[in-house]
Amino acid sequence: MAGEDGHDHINDAALVAKVSEPLLSQACQRINFRWGKLHVTGKAYRAVVRALNDSRIDIFEADGAEHTLDPDAEASYIGNPESMIIQPHLNAHIAFNQRVLVHEATHAAQDDQLNGEWVWSLDDEATAYIAEWLFVIYSSPNPKHLISNPDPDDPIEVIALEIARALADHPGASPDAAAMRRLGDAIFKDPTYSVRMALHPWTRDDGVTDPDFP
Ligand SMILES: [Zn+2]
């Protein structure tokens, strides 16, 4: 509940609704895969939506002061304190932005499910990318014409899509371990992640506060 860990912010209902829409979409709700102890499912995203709705996860628009966001990023999830920062006036009807919201909500689901567990940081990032591309596949009426395409020069996107294609329509399946290693290598080589992954190869989330009425 808001207040227990020192933040009594109450989320703006319009922001919660905006971010929740792609998470509650049929495409996102169809996501269902496992990696280690993480189980990414529609239910996991509904738990994130509930936490946003109850302000157990805060949501803010970036203001360049208290709530900052890399100018290149549309959204970001922070585990401590649990919060989602999004660009002001983010258009949640654009496929790219929906991908980003699913990606960041996957980090929130990790925080919720992997409370206190040490996990390989590359796995956290890899599973968020795979979820993002499963969302794209399930959102696309024609699987040959995706609503959003990977950047062919970005091996992270290309490999994550390849893994997502193999997982699609196999509920509860796990990615191929060798493909996960390739995706982890691509993430590690990306300058966005290299330093953080080298400094913090393992991460431990501290959980999302339970609802008052579970
Ligand atoms: Zn991420």
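# Getting to know the model

Colleague: How many helices and strands are there in the protein?
Modeller: This is a predicted model, in which local features need pLDDT of at least 70 and side-chain atom pairs count only at pLDDT 80 or more, while totals for chains, interfaces and linings use all residues. Residues are numbered from 1 along each chain as its sequence is written. Helices (H or I, at least four residues) and strands (E, at least two) are DSSP runs, numbered from the N terminus. Counted in this way, the protein has eight helices and seven strands.

Colleague: What is the radius of gyration of the protein?
Modeller: The radius of gyration is taken over C-alpha atoms, and the globule rule is 2.2 Å times the number of residues to the power 0.38. For 214 residues, a compact globule would come out near 17 Å. The value for the protein agrees with that: 16 Å.

Colleague: What percentage of the residues count as buried?
Modeller: A residue is buried if 20 or more other C-beta atoms lie within 10 Å of its own, exposed if 12 or fewer, and partly exposed in between, with C-beta atoms placed from the backbone. Among the 214 residues of the protein, the buried share is 38%.

Colleague: Ser55 or His89: which one is exposed?
Modeller: Ser55, in the loop between helix H3 (42-53) and E3, counts as buried because 20 C-beta neighbours are inside 10 Å. His89 sits in the loop between E5 and helix H4 (95-113). With 7 other C-beta atoms within 10 Å, the exposed residue is His89.

Colleague: What is the phi of Ser55?
Modeller: Most residues other than glycine have a negative phi, and most peptide bonds are trans. His89 has a positive phi of about 60° although it is not a glycine. Ser55 is also a residue other than glycine, and its phi is positive, near 60°.

Colleague: Which proline is joined to Asn80 by a cis peptide bond?
Modeller: The omega of this bond is about -5°. The proline lies in the loop between E4 and E5. The residue joined to Asn80 is Pro81.

Colleague: Which residue in E5 is the bridge partner of Asp58?
Modeller: Strands of a sheet pair through backbone hydrogen bonds, either parallel or antiparallel. E3 and strand E5 (residues 82-86) run parallel and are joined by four bridges. The partner of Asp58 is Ser83.

Colleague: Which residue in the turn of the E1 and E2 hairpin has a positive phi?
Modeller: E1 and strand E2 (residues 38-41) pair in the antiparallel sense over four bridges, and Asn32 stands opposite Thr41 in E2. Two residues lie between the strands of this hairpin. The one with a positive phi, of about 60°, is Gly36.

Colleague: What span does helix H6 reach from its first C-alpha to its last?
Modeller: The expected span of a helix is 1.5 Å times one less than its number of residues. H6 (residues 155-167) has 13 residues, for which 18 Å is expected. Its span is close to that, at 18 Å.

Colleague: Which helices and which strand are included in what covers the buried residues of H6?
Modeller: Ile156, Ile159, Leu161 and Ile163 are among the buried residues of H6. Two residues are in contact if their C-beta atoms, placed from the backbone, lie within 7 Å. The cover includes strand E1 (32-35), helix H5 (121-139) and helix H7 (177-189).

Colleague: How far apart are the axes of H5 and H6?
Modeller: Two packed helices are described by the angle between their axes and the distance between the axes. Axes are lines fitted to C-alpha atoms, for helices over the stretch in contact, and angles run from 0 to 180 degrees between N-to-C directions. The contact is made by residues including Trp133 and Ile137 of H5 and Ala160 and Ala164 of H6. The angle is about 65°, and the axes are apart by 8 Å.

Key
Two strands pair if DSSP finds at least two bridges between them.
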